[in-house]
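Let's walk through this structure together, one piece at a time. Keep the picture open while you read.

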Amino acid sequence: MSSGKHGGARQKRGFRPVLLLLAVGITLCVVAWGYLVYAAIDFGSEARHDGNSAAWGFLAVAAVGAVACLFLGFMLVARFSRALGFTHAPEPRPKRDPSVPKGGKRAAR
């Protein structure tokens, strides 16, 4: 009977600059999103009280920018969780069999 550890080789966990870049990107996106939301609120209140048409345009630009920053932040969070191993990429779809007619049973008639 042999004794000893039967575990596989461990991967060395070291500094991964990709994780740092993703974390900085997420932080910047969240800060930019917060600032743009604050600016949109400010431009909206200015446009309602003063009737300034330029403020409505700035409100629209700030709102679209906030949506873009939040979307980019979510995409970076997804990549960050994949890089940490919490999630993984979806499995590729199997190739279609060329002998099977396209369209199912009805198209085969």
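Predicted model: local features only at pLDDT ≥ 70, side-chain atom pairs only at ≥ 80, totals over all residues.

Part of what covers the buried residues of H1 is H2, and the cover comes from contacts, meaning heavy atoms within 4.5 Å. Helices here are DSSP runs of H or I with at least four residues, strands are runs of E with at least two, and both are numbered from the N terminus. Buried means under 20% relative accessible area, exposed means over 50%, and partly exposed is in between (1.4 Å probe, protein chains only). In H1, the buried residues are Leu 19, Leu 22, Gly 25, Ile 26, Cys 29, Leu 36, Ala 39, Ala 40, Gly 44 and Ala 47.

Residues are numbered from 1 along each chain as its sequence is written, and side-chain values use heavy atoms, with hydrogens and water left out. The pLDDT is the predictor's confidence in each residue, from 0 to 100. The protein averages 86, and 83% of the residues score at least 70. Among the elements, H2 has the highest mean pLDDT (94), while helix H3 (residues 105-108) has the lowest (63).

Zoom out for a second. Of its 109 residues, 16% count as buried.

How do the spans of the helices check out? The expected span is 1.5 Å times one less than the number of residues. For H1, with 34 residues, that should be 50 Å, and its end C-alpha atoms are 49 Å apart, which agrees. H2 has 32 residues and should span 46 Å; its end C-alpha atoms are 47 Å apart, which agrees too. Just after H1, Gly 51 takes a positive phi of about 70°. H2 is followed by Gly 85, with a positive phi near 95°.

Which residues make the nonpolar surface patch? They are Val 30, Trp 33, Leu 70, Phe 71, Leu 72, Phe 74 and Met 75, and the patch covers about 680 Å². Helix H1 (17-50) and helix H2 (53-84) each give two or more residues to the patch, with H2 giving the most, five residues. Patch residues have over 30% relative accessible area and no salt bridge; like charges are joined within 9 Å, and nonpolar side chains (Val, Leu, Ile, Met, Phe, Trp, Tyr) within 5 Å. A salt bridge is a side-chain nitrogen of Lys or Arg within 4 Å of a carboxyl oxygen of Asp or Glu. Accessible areas come from the Shrake-Rupley method with a 1.4 Å probe, and for residues only the protein chains shown count as cover. Take Phe 71, in helix H2: its relative accessibility is 54%, so it counts as exposed.

Two more residues are worth a stop. Val 64 sits in helix H2 and is exposed, with a relative accessible area of 58%. Thr 87 lies in the loop between H2 and H3 and is partly exposed, at 38%. Not counting residues up to four places away in sequence, Thr 87 touches Ala 78, Ser 81 and Arg 82.
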